[in-house]
Amino acid sequence: MNAIKELRTTTKMSQSKFASYLGIPVANIQHWEQGVASPPTYLVSLITRVMKHDGFLNDDMSAIQKDAVRQARATLAVENMTYPEEYLSDLKDLVTGKISREEYQARIVYVG
């Protein structure tokens, strides 16, 4: 299996959704997976880093939980809230039910 297909199947996304997530044409994903073209090595590394940052390549969480982490992080960014990387485990604990929403909210630092 090639690297792009492996990364996509890890997220359980369709080619269309994966292309949308990356902001690239679906034809690129199709060509890379079919071997018609190859993505540059640096691009595979970059996609991997983005997916790790977004929580998709964390093996101890389900795809639904990873998506919830990504959505929560996007919401925090939109609301102009700070969320340091060292507190990512708090967000993970919220998504997995280890802490309550109230406990989680008590840890958030608002900017403004």
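**T11.** I began with T11, which is buried at a relative accessible area of 7% (buried means under 20%, exposed over 50%, partly exposed in between, with a 1.4 Å probe and protein chains only). T11 sits in helix 1 (helices are DSSP runs of H or I with at least four residues, numbered from the N terminus). Leaving aside residues up to four places away in sequence, I found T11 touching F18, M51 and F56 (contact means heavy atoms within 4.5 Å).

**What I am working with.** This is a predicted model, where local features need pLDDT of at least 70, side-chain atom pairs count only at pLDDT 80 or more, and totals for chains, interfaces and linings use all residues. Residues are numbered from 1 along each chain as its sequence is written, and side-chain values use heavy atoms, without hydrogens and water.

I then checked I47: beyond four places in sequence, I47 touches I4, L7, F18 and L22.

**The salt bridge.** Which side chain does E33 meet in a salt bridge? I found R8, at 2.5 Å from N to O (the rule asks for a side-chain nitrogen of Lys or Arg within 4 Å of a carboxyl oxygen of Asp or Glu). E33 lies in helix 3 and R8 in helix 1, so the pair ties together parts 25 residues apart in sequence. E33 is buried at 14%, and R8 is buried at 11%. The count by this rule is one salt bridge.

Terms used: Helix = DSSP H or I, 4+ residues; strand = E, 2+ residues; numbered from the N terminus.
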